[in-house]
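Here is a short report on one protein model. Keep the sequence and the 3D view open while reading.

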Amino acid sequence: MSHYRFVTPHRAGKWYPDLLTAQRQAFAIGAGFLDQRTGMFYPYKGTSLEVGQPGFGDDPQGMAA
């Protein structure tokens, strides 16, 4: 199962379990915005999307308690 985050030249977002949640939260770091009426995501210049695989060593949110 993949996880997603947006990265700008100066900030990196948190990892999210699905792309839609990552898109909704991108505005908080200045990575872009999700138009609620159309469902389209508009990234700002210099923004990139990272897709990763959760693992115990690199994703503290995915660790079991």
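Among contacts in the protein chain between residues at least 6 apart in sequence, 39% join residues at least 24 apart. The model is predicted. Its protein chain has one helix and four strands. Along the sequence, these elements follow the pattern β-α-β-β-β. Of the 65 residues in the protein chain, 29% are buried. The chain exposes about 4,700 Å², and carbon and sulfur atoms supply 58% of that area.

**Core and helix**

In soluble globular proteins, nonpolar side chains tend to be buried together. Which residues make up the largest nonpolar core here? It has eight members: Phe 6, Tyr 16, Ala 22, Ala 26, Ile 29, Ala 31, Leu 34 and Phe 41. Take Ala 26 as one of them. Leaving aside neighbours within four places in sequence, Ala 26 is in contact with Phe 6, Ala 31, Gly 32 and Phe 41.

Gln 23 sits in helix H1, which spans residues 19-25. Is Gln 23 buried or exposed? Gln 23 is buried, because its relative accessible area of 15% falls under the 20% limit. Beyond four places in sequence, Gln 23 is in contact with Phe 6, Leu 34 and Phe 41.

Tyr 4 belongs to strand S1. Not counting residues up to four places away in sequence, Tyr 4 touches Lys 14, Trp 15, Tyr 16, Pro 17, Asp 18, Leu 19, Ala 22, Leu 49, Glu 50 and Val 51. Tyr 16 from this list is 12 residues away along the chain, yet its C-alpha is separated from that of Tyr 4 by 5.2 Å.

Pro 17 is placed in the loop between S1 and H1. Pro 17 is in contact with Ser 2, His 3 and Tyr 4, again leaving aside neighbours within four places. Pro 17 and Arg 5 are 12 residues apart in sequence, and their C-alpha atoms are 9.1 Å apart in space. Pro 17 counts as exposed, because its relative accessible area of 52% is over 50%.

**Salt bridge**

Side chains of opposite charge can pair when their charged atoms come close. The count in this model is one salt bridge. Glu 50 forms it with Arg 5, and the closest N and O atoms are 2.8 Å apart. Why does the pair tie together parts that are 45 residues apart in sequence? Glu 50 lies in strand S4 (residues 48-52) and Arg 5 in strand S1 (residues 3-7), so the bridge links those separate stretches. Glu 50 is partly exposed, at 28% relative accessibility.

**Surface patch**

Phe 27, Phe 33, Met 40, Tyr 42 and Tyr 44 form a nonpolar patch on the surface. Together they have about 510 Å² of accessible area. Tyr 42 lies in strand S3, residues 41-43. With 36% relative accessibility, Tyr 42 is partly exposed.

The table collects the accessibility values.

| Residue | Relative accessible area | Class |
|---|---|---|
| Gln 23 | 15% | buried |
| Glu 50 | 28% | partly exposed |
| Tyr 42 | 36% | partly exposed |
| Pro 17 | 52% | exposed |

Technical notes
Residues are numbered from 1 along each chain as its sequence is written. This is a predicted model: local features need pLDDT of at least 70, side-chain atom pairs count only at pLDDT 80 or more; totals for chains, interfaces and linings use all residues. Side-chain values use heavy atoms; hydrogens and water are left out. Helices (H or I, at least four residues) and strands (E, at least two) are DSSP runs, numbered from the N terminus. Buried means under 20% relative accessible area, exposed over 50%, partly exposed in between (1.4 Å probe, protein chains only). Contact means heavy atoms within 4.5 Å. Patches are made of residues with over 30% relative accessible area and no salt bridge: like charges are joined within 9 Å, nonpolar side chains (Val, Leu, Ile, Met, Phe, Trp, Tyr) within 5 Å. Accessible areas come from the Shrake-Rupley method with a 1.4 Å probe; for residues, only the protein chains shown count as cover. A salt bridge is a side-chain nitrogen of Lys or Arg within 4 Å of a carboxyl oxygen of Asp or Glu. A nonpolar core is a set of buried Ala, Val, Leu, Ile, Met, Phe, Trp, Tyr and Cys residues joined through side-chain atoms within 4.5 Å.
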